[in-house]
Amino acid sequence: MNLVFRLAWRNLWRQPRRTWLTVGAIMFSNMLLVFMISLQFGMYGLMIDNTLQAFTGHLQIQAPGYIDDQKMRQTVDNVVPLATELRDYFDSDNIAARATAFALVSSEERSYGTAVIGTEPAFERNVSTLPGLVTQGRYLGEQDAAEIVIGAALARNLRVALGDELTLIGSGRDGSFAAAVVNIVGVFESGLVDFDRSITEIPLGFFQDVFYMDGSGHYIVINLPLIDDVPVVQEQVEALLPAGEDLVVHDWDALQPGLKQAIKADMSSAFFMYGILVILVAFSVLNTQLMSVLERTHEFGIVLSLGLTPGRLGRLVLLETAILGVLGLLFGALLGALFTYWFSVNGFSYPGMEEMTAKFNLPARFYPQVSVLSLLIGPAVVFIFTILAAVYPALRLRKLHPVEAMRAV
Amino acid sequence: MHMFVVLARLAWRNLWRNHRRTLIMLAAITLGVWAMIFMTALMRGMVSQMIADGISALPGHVQVHHPDYRDDPSIANLIPRSDTELSARFVDAGFVKWSSRVRVPAVITSEYESRGVTLLGIDPDSERDLTFVDYDAVEGRFLSASDDSGVVIGKKLAATLNTEIGKRVVLMSQDPDNDIADRGFRVIGLFEANVQSFEENYLFAGKATVQKMLRIGDQVSEFVVLGEDYRDVDAEFEKVLQLVDGNVEVKRWFELDPYLGTMLGVMDGFVLVWIVVIFLALSFGLVNTLVMAVFERVREIGLMLALGMKPINILGQIIIESLLLLAIGLALGSALAWATVQPIKDGIDVSIVSEGMDMWGMSSVLYPELLLSDVVLANVVVLVLGFLASLSPAWRASRYEPIEAITKV
């Protein structure tokens, strides 16, 4: 073993309590960081997945401007053939066309304004969780059937049940009056009352007839198995779009700009907290190292007069700190990983979290995931700050004068 | 008492024997306390804003509805009493900020588009203090009277509908017999709201006009009362309970929107967790400092014991030393927090992540809110836990055997 290392190691254990307390501070913050960051990453991942899989998908093909205005006239022509072509090309069923309109939905007793969405019944299941949420009856079947699936809250408000008829009144693509009578074949329940009240779905073919769409729709949703594939697939899709037609491909970030920003906003407040924690630990280390340097003034004076350079002494102090840091890192990351692992099995919850998380399509319990990144990112930063904290004590050594230092008690 | 003065003076002098160590520790405590209070102020501000926005969307701290209205916010569930008669009672009861309104789902149609919206039939005079719309900032003009024949819509909605001030729009809803009730309105004003979805979902029309259009005579959907402070609305709640009779439901805001209600509770819990976590990070350094301070004074403590000082006084001296350190840190930290909150009291612009903040239900300007109770909480927690943390080193110091301690090198 290297001599300097052995010296540093022994120096540390001259004051075991102080060393443990310092390591403890580093450990504590590392543990907390590992847990919090794992939790955060897990939450963000879920937030993105759940929001996108619920309805939006990873990519959408739309007419330019539709993303902002969502006007009836901003259509994708021949939407079903295009979707079929894409499905064949990518050999994937996770691609489906949709069209959207607003309509007044009326039963015998009541009327509500809702969004009416035309979907491809055979493929919608792969790009949205809604078909899976149907609790009564079934999801849509035939492309041209006069069928509708509505939310449980809307069904309750409209005082209707499976098999009843509803009237849709709205305006078609050309602004003309559009109306239809449809049969309720399914009722879904998402758990979000507002969502259940504001969305209804009918088959796309039927939609095109009712709203005079002339074979067009409003967008095609593409769902990918991995979110990291989005940029590559986006380019492929852009290349495939029929020439001469004015269409754009938007990725999920453009479709749900709130999502990344919500994560960003949450991240920045979290990072502020982490920053404070790390700085507090750095202070703790600074204090310890400064003390240990000051109390060794006499001894340092001797070794300096024996010919050791201040630079080497400085390195000794830095090495001591590095050992402290590594100990804290190892124990902290290990304990943090164990701690996180326990929660990844048993789930993490907080009083009142259920109401809050439901708003973001999240479950009431979180299962944080331990990953190399979440395990190392926090402790690595702490380590860097630990070393930085030792720079001042190490530099002080340069000012040490051997004779004076030896006189110090 | 005399003893205490002596001990306090001893502790104070001891503190400054190693001023570097004390200063570092002070810096750490100050930073920690600053972070506790500053962060809490930011979070409080966020939550307050969120609740304020949330309440302005509801709006009102205490609300009166038909018992079925909340599940089925339609024309069928109006308050079964005359608006004029109930209003008179609210005036007599001395309420200042209250309003009654018709609030039903409707479909708005321009020449180009239709959208589902919430139609608010209001009396502009009584609504002024309650709504999220600033009358004077409205482009065009706001409603002038309850029988104003115009409609005020959000800027975002106007853009989607392709309409503007002076243009006509048609509102469709249902009357109590489920016949379609529709009426043409001229757009007289466009409002901006700090939560984007308000601009898309709400539109204002005169109460009398809406009552006529919906053929509901003198009835309304809700009565709302705004109290002084959203944290304490029980007085208003009791008063309203006395006023109303018959088949109605009186609810407070946190019952109407459980998300907001739990948010407040979660926040209180979170503030405490945050303070304790920061304290723990600090405590390692604090204990370390004390242990060191005791350790380097072993001989001196032994001498004092040998001279007849009681162990309890040694204990007291160390604890006073620790509390002095904490008290100075707390004072500095609290002052610093106050000083940093002052310049940003008028709001920090976080609009770069506005859509994300929207998603969390927050607006894009953040107003930190420094609550005395939070400052007190931070100070008390730090002092109490600091006292507990210093017990062990102090106890150890008081248990030294005089002879052994004096002879220790």
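A residue is buried if 20 or more other C-beta atoms lie within 10 Å of its own, exposed if 12 or fewer, and partly exposed in between, with C-beta atoms placed from the backbone. A nonpolar core is a set of buried Ala, Val, Leu, Ile, Met, Phe, Trp, Tyr and Cys residues joined through C-beta atoms within 7 Å.

The model on display is predicted: local features need pLDDT of at least 70, side-chain atom pairs count only at pLDDT 80 or more, and totals for chains, interfaces and linings use all residues. Residues are numbered from 1 along each chain as its sequence is written, while chains are lettered from A and ligands numbered from 1 in the order in which they are written.

**Stop 1: the core**

Select Ile220(A), Val281(A), Val151(B) and Leu203(B), the residues with the most contacts inside the largest nonpolar core, which has 224 residues. Next, select helix α2 (residues 19–57) of chain B, which supplies the largest share of this core, 20 residues. Helices (H or I, at least four residues) and strands (E, at least two) are DSSP runs, numbered from the N terminus.

Return to Val281(A). Which residues is Val281(A) in contact with, leaving aside its neighbours within four places in sequence? They are Ala25(A), Ile26(A), Ser29(A), Val382(A), Phe385(A) and, in the other chain, Ala281(B). Two residues are in contact if their C-beta atoms, placed from the backbone, lie within 7 Å.

**Stop 2: where the chains meet**

Colour the two chains separately. In all, 57 residues of chain A are in contact with 56 residues of chain B. On chain A, the elements that each supply at least two residues of this side are α2 (16–56), β2 (95–106), β3 (111–119), α6 (152–158), β6 (165–171), α11 (257–294) and α14 (353–358). Select α11(A), which gives the most, with 22 residues. By class, the side of chain A that touches chain B has 27 nonpolar, 18 polar and 12 charged residues. In this division, Ala, Val, Leu, Ile, Met, Phe, Trp, Tyr, Cys and Pro count as nonpolar, Asp, Glu, Lys and Arg as charged, and the others, Gly among them, as polar.

**Stop 3**

Two packed helices are described by the angle between their axes and the distance between the axes. Axes are lines fitted to C-alpha atoms, for helices over the stretch in contact, and angles run from 0 to 180 degrees between N-to-C directions.

Select helix α10 (residues 258–295) and helix α14 (residues 372–398) of chain B, which pack at an angle of about 30° with their axes 9 Å apart. Therefore α10(B) is roughly parallel to α14(B). Angles under 35 degrees count as roughly parallel, over 145 as roughly antiparallel, 65 to 115 as roughly perpendicular and the rest as oblique. Residues making the contact include Phe279(B) and Leu286(B) of α10(B), and Leu385(B) and Gly386(B) of α14(B). The contact has 17 nonpolar, three polar and two charged residues.

Now select helix α1 (residues 2–15) and helix α12 (residues 311–341) of chain B, whose axes are 8 Å apart at an angle of about 55°. Hence α1(B) is oblique to α12(B). Among the residues of this contact are Leu7(B) and Trp12(B) of α1(B), and Ile320(B) and Leu324(B) of α12(B). The residues of the contact divide into 10 nonpolar, four polar and one charged.

Stay on Trp12(B) in helix α1 of chain B. Is Trp12(B) buried or exposed? Trp12(B) is exposed, because 12 other C-beta atoms lie within 10 Å. By contrast, select Val224(B) in strand β9 (residues 222–225) of chain B. Val224(B) is buried, with 25 other C-beta atoms within 10 Å.

**Stop 4: loops of chain A**

Select Tyr139(A), in the loop between β4 (134–137) and β5 (147–151) of chain A. With 19 C-beta neighbours inside 10 Å, Tyr139(A) counts as partly exposed. The C-alpha atoms of Tyr139(A) and Val187(A) are separated by 8.3 Å, although these residues are 48 residues apart along the chain. Beyond its neighbours within four places in sequence, Tyr139(A) is in contact with Pro121(A), Pro131(A), Val134(A), Val149(A) and Gly186(A).

Most residues other than glycine have a negative phi. Arg159(A), however, has a positive phi of about 60° and is found in the loop between α6 and β6 of chain A. Arg159(A) counts as partly exposed, with 14 C-beta neighbours inside 10 Å. Finally, select Tyr212(A), in the loop between α8 (204–210) and β9 (219–222) of chain A. Tyr212(A) has a positive phi of about 55° and counts as partly exposed, with 16 C-beta neighbours inside 10 Å.
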